[in-house]
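Biologist: I would like to learn how to read pockets in a protein model. Could you walk me through it?

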Amino acid sequence: MDPMNRQVIDTHGVSAQPHVPDQVHPRLPGGFNLPPFGIHQVLAVVIVCIALWAVGAIWLGLQAANQWVGSWQQDIHIHVYLSDDHGSAAGSADKLQEALQTISQVASVRRISAEEAAAWMQGWLHDADLETGELVKRLPLTFELSLTDENAPFLFDDIRDAASRFGARVNEDEVNLARAHYWLSKASWLVWFASLVLALAMALIISNTLRMTLLARADEIHLMRLLGAKEWFVRMPFILEGMVLGVAAGVAAWILLWPIDLFSREWLLTMQVELSLWLLLPALLIGGGVVGTVGALIATARVVSAETTA
């Protein structure tokens, strides 16, 4: 009798089924059954988590910068100061105002007297005990410029040129803040580019991890092909695994971002900036899931069914 087809006979002469050792896993990959997780999957989650954490930290910094600059830029004004020495000249203030109004990107020019500026300063300092008369003597004549397009080229150079002709000076701190929005818009494009590069790297990491799993289960996958399994049926568990790896990395990265928020919250509140990590949670989960799915699709690109290879 062929030993491969021989049945096991017990002591009473009744045939019995052969015993399957405990270490044998007869479950084949396919459908919605996830492959077993191992050390390679854990390492992939850790590496992708670090990359997603870096991306999340960069976007948090950009969010804080946009809040800090954006709160001020809702109504952009540039102030030009004309001291009494220059303003006392006949018509210097009027000529300066006319020169500022000729700049095309300046919507309006409002003249602020020293008395009005002193009253504003008293309110800003919460009614500090300052001598109003002495404060008025020290404050210059101020022109408040409303802008139509702070990103226009040579705008601030034209304002400086008009001010310098009459001995006035421009508030350079306000100019730097007005330009900050332009540089932040440029930085956001760089952040998007860096995020896409890191996403591609994360997808390749997950792809290599799943490829090792595919190699380890090559015989089982080949058997599924011979049994006529469809391509989607063989690929599905590995795609699900890649998605689970990406989502797990996204959750871990989001949790690791909380220390940044906790340690910087008090300092950011002094600048009227409040971060919201909850807004990043859907982005990290969706981003991680998409990265994992793309990596799985790359890894299983050569998995075909028996019908396709026929």
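Predicted model: local features only at pLDDT ≥ 70, side-chain atom pairs only at ≥ 80, totals over all residues.

Biologist: What shows where empty space is left?

Modeller: Rolling a probe the size of a water molecule over the atoms does that. Here, the largest pocket comes out at a volume of about 550 Å³. It is lined by 17 residues, and those closest to its centre are His79, Tyr81, Trp120, Met121 and Glu174.

Biologist: Which element gives the largest share of the lining of the largest pocket?

Modeller: That is helix 4, with five residues. At least two residues each are supplied by strand 3 (77-82), strand 4 (106-112), helix 4 (114-124) and strand 5 (141-147).

Biologist: How does the lining of the largest pocket divide by class?

Modeller: Nine of its residues are nonpolar, three are polar and five are charged.

Biologist: And how much space lies in the second largest pocket?

Modeller: About 400 Å³. Its lining has 19 residues, with Leu52, Val55, Ser195, Ala283 and Gly287 the closest to the centre. Two or more lining residues come from each of helix 1 (39-72), helix 7 (172-216) and helix 10 (280-299). Helix 10 gives the largest share, eight residues.

Biologist: How many nonpolar, polar and charged residues are in the lining of the second largest pocket?

Modeller: There are 16 nonpolar residues, three polar ones and no charged ones.

Methods
Residues numbered from 1 in each chain as written. Heavy atoms only, no water. 1 Å grid on protein atoms, 1.4 Å probe; cavity = no way out; pocket = protein on both sides within 12 Å on 5 of 7 lines; lining within 4 Å. Points joined across faces, edges and corners; volume = space filled by probe spheres on them. Helix = DSSP H or I, 4+ residues; strand = E, 2+ residues; numbered from the N terminus. Nonpolar A, V, L, I, M, F, W, Y, C, P; charged D, E, K, R; others polar.
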